[in-house]
Amino acid sequence: MERKYFRTFSVFVTLIILITACDRIVWDQNVEAPTKTPIICPTECVEILPTDCHPAEKLHSILWVQTSGEYLMAATQSYTLARVMLDKGLEDSSWTAAVEQSGDFSNLPPAIIVDVDETVLDNTPFHARLERGGINWSTDQFYEWVAEAQAEAVPGSVDFLQYAQSRGVTVFYITNRSYEYEQPTRENLINNGFPMSQDFDTLLTNGEMENWGSDKVNRRSNVAGRFRIILLIGDTLNDFMPNTNTDPEQRFTMLDEHQEYWNEKWIIIPNPIYGGWEGALFDFDYSLSKEQIFDHKLNYLDTFE
């Protein structure tokens with residue numbers, strides 16, 4: 001008898017909950033909600049409220065790197081190709097990957113140059129923190145992350161660089177991280193198993209020498225004067241050639257002019273989160289507001305209209 005009454009009471013309570021929910025749905029549809037209504041992003045929304053249309057602009061890019069098998073395959077494929085090209089370059093004394101290398105370099109010892117961020121070290125946890133907190137990127141926050149020295153290796157990178165070392169190839173890391181954070185960067189690399197010379201400095205940071213700026217030309221030239229550079233590996237055009245801070249069309253032109261380096265001497269690691277490609281969309285003017293940058297990006301969308 002108790003179970004019968006309990007079932008009857010349960011049904012009665014369930015009906016009340018359903019009726020209340022239905023009433024709330026009807027109220028939400030007919031009365032202006034007291035809280036902010038979620039925004040779907042048609043064209044008119046972009047024109048009126050651009051900031052509300054991209055609350056997490058880099059979300060999908062970060063998730064692609066962190067969760068997709070496709071990224072794992074792409075990064076590993078790049079380093080597999082690098083191994084093949086390294087062997088090929090070692091057999092050809094006339095082979096060089098650096099546009100800065102000239103003269104007779106055939107008898108120089110072999111080296112490769114790799115970028116650090118998003119090329120051998122994965123900083124997506126840092127970018128994920130920004131997205132979760134709705135925080136804009138800043139130099140101070142990035143270097144707080146660098147000081148933690150806990151970035152993990154990009155897939156395939158450690159195995160390849162250890163292989164290069166086993167072939168007698170010196171690995172140079174040319175990064176635009178500030179020289180003030182060279183120690184935690186070095187620690188992070190070593191802890192991941194990346195080879196690091198004990199005889200001389202192979203981690204060349206931004207500002208370490210007077211003429212070592214964000215354009216990596218002078219640092220590549222420094223290496224090219226002492227070593228034959230077999231490969232360049234990076235995630236943005238600045239890792240391969242000079243003067244890349246220009247508009248997208250000119251960047252394509254420059255890349256086309258160096259097409260003989262593609263897929264053999266220059267190995268690209270996928271980075272959909274940030275890079276020179278993004279800065280080119282708003283003339284590398286990082287003083288612009290988030291809304292202004294978003295508007296510039298929209299102008300580059302090709303809809304065939």
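Start by selecting helix H4 (residues 59-67): the face turned away from its buried side carries His60 and Thr67, both exposed. Exposed here means over 50% relative accessible area, buried under 20%, and partly exposed in between (1.4 Å probe, protein chains only). Helices (H or I, at least four residues) and strands (E, at least two) are DSSP runs, numbered from the N terminus.

Before going on, keep in mind that this is a predicted model, where local features need pLDDT of at least 70, side-chain atom pairs count only at pLDDT 80 or more, and totals for chains, interfaces and linings use all residues. Residues are numbered from 1 along each chain as its sequence is written, and side-chain values use heavy atoms, with hydrogens and water left out.

Still on H4, pick out Ser61, Ile62 and Val65, which are buried. They sit on the same side of H4, because they cover an arc of only 95 degrees around the axis (the arc of the directions from the helix axis to the C-beta atoms). Show what covers them: H5, strand E2 (121-122) and helix H6 (124-133) are included. Contact throughout means heavy atoms within 4.5 Å.

**Next stop: the sheet**

Now bring up the strands. Five of them form an open sheet in the order E5-E4-E1-E6-E7, with parallel pairing; two strands pair if DSSP finds at least two bridges between them. At the edges stand strand E5 (203-206) and strand E7 (266-268), each with a single partner strand, so one side of each has no neighbour in the sheet. On average, neighbouring strands are turned by 20 degrees against each other, direction ignored. For angles like these, axes are lines fitted to C-alpha atoms, for helices over the stretch in contact, and angles run from 0 to 180 degrees between N-to-C directions.

Zoom in on E1 (residues 110-114). Is this strand buried or exposed? Five of its five residues are buried, so E1 is largely enclosed by the rest of the structure. Pro110, Ile112 and Val114 point one way, while Ala111 and Ile113 point the other. E1 pairs with strand E6 (residues 228-234) over five bridges, and with strand E4 (residues 170-178) over four, in the parallel sense in each case. Click on alanine 111: opposite it in E6 is isoleucine 229, and its bridge partner in E4 is threonine 170.

**Helices around it**

Then turn to its helix neighbour: H5 (residues 69-91) and H8 (residues 157-166) pack at an angle of about 10 degrees, their axes 9 Å apart. That makes the pair roughly parallel (angles under 35 degrees count as roughly parallel, over 145 as roughly antiparallel, 65 to 115 as roughly perpendicular and the rest as oblique). To see the contact, select Tyr79, Ala82, Arg83, Leu86 and Asp87 of H5 with Ser157, Asp159, Phe160, Tyr163 and Ala164 of H8.

**Last stop: aspartate 201**

Finish in the loop between helix H9 (182-191) and E5, where you'll find aspartate 201. This residue is partly exposed, with a relative accessible area of 26%. What does aspartate 201 touch, leaving out residues up to four places away in sequence? Phe172, Glu182, Arg186 and Glu208. Draw a distance from aspartate 201 to phenylalanine 172: 8.4 Å, C-alpha to C-alpha, though they are 29 residues apart in sequence.
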